[in-house]
Amino acid sequence: MKTYAYGYPRLGKNREFKKIIEGYWEGNITEKEMLDEIKKLDEERRETYKEFVDIFPEKEITLYDSMLDMCFILGIYDYSINTYFELARGKNALPMKKWFNTNYHYLVPEIDKKTKFKFSWNKFADIDSEMPIYIIGGWTFLKLSKGYDEMDFKDILLKLKVVYKEIFENFNKIHLDEPGFVFDVKEEDVKLIKEFYSDLIPKDREVYLFTYYDSVDFLPELYDLPFKGIGLDFVSNRENFESIKRNGFPDDKVLIAGIVDGRNVWRSNIEERREFLKEISKYAKNIFISNASPLFHLPITVGLEEDMDEDLKSMLSFAFERLYELKLIKESFFGKEDGKNWYKKVELGYDEEVRNKLKELKDDDFERKVDYEERKRIQKSIFNLPLFPTTTIGSFPQSKEVRKKRRDFRTGLISKEEYENFIKEEIEKLVNLQEELELDVFVHGEFERTDMVEFFAEKLSGVATTKNGWIISYGTRGYRPPIIYGDVKRTGPMTIKEIKYAQSLTKKPVKGMITGPVTIIAWSYTRNDIPMDEVAYEISLALKDEVRDYISNGIKIIQIDEPAFREKAPIKKKKWDEYFEWAIKSFNLIANVPPEIQIHTHMCYSEFGEIINYINKLNFDVISIEASRSKAEILNDFKRVDFKKQIGLGIWDIHSPVIPEVEKMLGVVERALEIFEKENFWINPDCGLKTRKWEEVIPSLKNLVKVSKILREKYK
């Protein structure tokens with residue numbers, strides 16, 4: 001029995017990856033220096049692997065995104081550093097989308113039937129190792145791409161086959177990621193997968209196939225294909241194990257059993273994992289043990305959390321600890337170690353008041369009492385907004401000064417009063433700027449907030465935050481997921497002071513901004529000892545208390561951000577109804593407000609067509625969505641349903657430093673107006689502006705307001 005780990009975080013203990021890449025973008029280091037530093041960072045990762053596991057893939061590390069790397073490996077684009085980063089974040093940046101049901105964003109390749117493929121960029125040329133090279137499989141790569149007609153899928157896949165064949169012929173061992181196999185795969189697609197792989201792999205090559213995040217519905221069909229090993233997720237689902245019990249597992253292949261969690265942080269029960277291995281050994285002769293999904297969903301190590309509660313800390317495993325667990329499970333299996341001292345279960349954060357509130361919830365608590373059309377009439381008389389009202393999503397640039405003041409406050413270098421006065425000054429400057437820009441609905445800028453989830457987590461009981469628990473969301477952009485360990489409760493007002501102050505400075509409406517329960521759950525590590533719907537309703541009840549305070553303080557527009565609404569949905573659609581029932585109810589519990597209060601929500605980078613009927617059940621008045629990178633293709637999703645509420649199109653891609661052109665933004669809006677009534681249409685960026693610079697934000701917002709004025713003149 002061997003141990004096999006993959007997906008170890010590229011970020012580095014001190015976020016070295018971010019500093020290296022962004023240092024290159026800012027011109028502080030040369031291309032050669034950047035590549036040399038990344039190579040050193042990758043070597044550190046390799047040494048960490050070697051300390052604990054027998055096998056790991058080479059060349060997992062990427063300068064931005066592995067799907068983008070595959071675009072160059074497969075010859076869709078000619079490789080150069082400039083071209084690479086232009087496609088990642090430049091004027092012609094590729095669209096961005098969530099990777100399966102995670103909060104990692106990948107760049108979406110654009111392919112059509114005319115696209116030519118060739119083994120172009122040999123990313124693996126300097127490898128001197130017996131370990132397998134890392135690549136994403138052809139099926140998943142094409143399934144996650146866009147631009148082609150479904151009728152052409154087979155022809156394009158078979159064109160790709162020629163390139164993959166060359167790759168397989170050039171390397172002896174390959175780690176092949178095919179998480180797309182856990183989708184709802186049709187029978188004709190299973191035949192196509194078999195056609196693609198059946199004669200692709202030379203007999204003397206070792207190809208290890210990895211699937212994860214859910215179960216493979218056609219597992220026995222994979223037994224006929226020439227893979228050396230098949231990696232399966234035994235953490236997220238029971239179906240993979242049941243399939244092996246029914247169908248067995250071939251003796252000539254290795255079952256790579258994913259038995260430690262790659263997506264959540266609770267320590268593995270070593271005894272329980274050992275017993276599971278004994279059970280599955282009845283059906284599989286050759287077994288490696290592995291993580292159930294890539295480890296990049298976890299921070300580097302718990303060891304960096306020096307100030308964390310010791311009881312909580314003793315229950316956690318991050319990526320480094322997961323590698324240790326694999327070694328420990330293997331030793332336990334062979335009787336060298338029992339692992340009893342590793343696993344610890346402590347009950348933390350029980351709150352009887354919260355549990356009683358859950359029991360008291362009634363159906364009426366989840367519904368607004370006045371229908372949308374009547375709410376729209378009431379709100380129009382109150383706000384009297386112009387055609388094509390302009391707003392932003394919430395956050396504004398967090399300059400070095402803002403981050404320094406926050407750091408100084410947290411380390412005690414400045415007082416609470418000094419910090420709060422600084423935040424008030426930033427809010428005042430932003431309100432004045434929004435007045436100058438002639439925006440219609442203001443925000444306060446969120447200068448006091450680190451991250452849209454972490455900020456609330458710090459103010460809720462039953463939730464812990466980390467100091468060094470960084471993971472990557474996209475490119476070099478990192479965040480620190482909180483840890484929901486107990487019953488969640490608001491201990492006092494969280495955002496009222498700043499919103500109320502901003503509203504006192506202007507007659508324009510200022511949005512109250514909260515992060516919704518689904519997104520808080522999706523972007524946190526959550527407890528697994530109670531049902532997920534109960535966790536969601538606990539968070540909703542806490543946020544509902546905040547909304548009540550908004551209303552009592554005169555805030556009439558409230559935005560409930562739910563960018564993870566689609567992302568959190570199970571991969572298997574047969575599980576959707578159960579998920580969306582509690583996801584919708586948790587939103588509507590907060591949105592159950594008087595009709596004169598306008599509820600906004602924000603979602604981004606989703607396949608809206610798949611979930612539009614569920615979105616229609618949310619009790620918002622205005623939704624803002626991304627439309628810039630997707631070139632407004634998202635509009636077709638709304639065209640298919642009778643969508644009558646108000647919508648704000650994100651016509652400025654804030655993930656790129658490029659200032660959007662007026663004509664391009666107008667083009668997106670004009671296409672949208674073929675679908676939406678002009679009276680229901682808002683103009684806004686596609687996401688918050690925290691990561692942008694002021695010199696990018698101000699001219700971009702000027703152009704955005706100019707778009708609105710041109711439209712008002714045209715459609716008045």
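A cavity here is a set of points on a 1 Å grid over the protein atoms alone where a 1.4 Å probe fits but cannot get out. Grid points are joined across faces, edges and corners, and a volume is the space filled by probe spheres set on the points. By this rule the count comes to 5 cavities of 30 Å³ or more.

The model is predicted, so local features need pLDDT of at least 70 and side-chain atom pairs pLDDT 80 or more, while totals for chains, interfaces and linings use all residues. Numbering starts from 1 along each chain as its sequence is written, and side-chain values use heavy atoms, with hydrogens and water left out.

**View 1. The largest cavity and its lining.** This void has a volume of about 490 Å³. Its lining (residues with an atom within 4 Å of a point) takes in 30 residues, and Met452, Arg477, Trp523, Cys687 and Gly688 sit nearest the centre. By class, the lining splits into 12 nonpolar, 11 polar and 7 charged.

View 2. Of its 20 lining residues, Arg10, Glu60, Ser66, Tyr134 and Phe296 come closest to the centre. Helix 3 (66-73) and strand 4 (133-136) are the elements giving two or more residues to the lining. The class tally for this lining is 12 nonpolar, 3 polar and 5 charged.

**View 3. Strand 5 and its partners.** Strand 5 (residues 173-177) is mostly covered, with 4 of its 5 residues buried, meaning under 20% relative accessible area (1.4 Å probe, protein chains only). Strand 4 runs parallel to strand 5, joined by 4 bridges (pairing takes at least two DSSP bridges), and Ile136 has Asp177 as its bridge partner. Strand 5 also pairs with strand 6 (residues 206-210), again in the parallel sense, over 5 bridges. There, Asp177 stands opposite Phe210.

**View 4. Gly138 in helix 5.** Gly138 belongs to helix 5 (residues 138-143) and is buried, with a relative accessible area of 0%. Beyond neighbours within four places in sequence, Gly138 is in contact (heavy atoms within 4.5 Å) with Leu157, Leu160, Tyr164, Glu178, Phe196 and Tyr197.

Conventions. Buried means under 20% relative accessible area, exposed over 50%, partly exposed in between (1.4 Å probe, protein chains only). On a 1 Å grid over the protein atoms alone, a cavity is a set of points where a 1.4 Å probe fits but cannot get out, and a pocket is an open set with protein on both sides within 12 Å along at least five of seven lines; lining residues have an atom within 4 Å of a point. Ala, Val, Leu, Ile, Met, Phe, Trp, Tyr, Cys and Pro count as nonpolar, Asp, Glu, Lys and Arg as charged, and the others, Gly among them, as polar.
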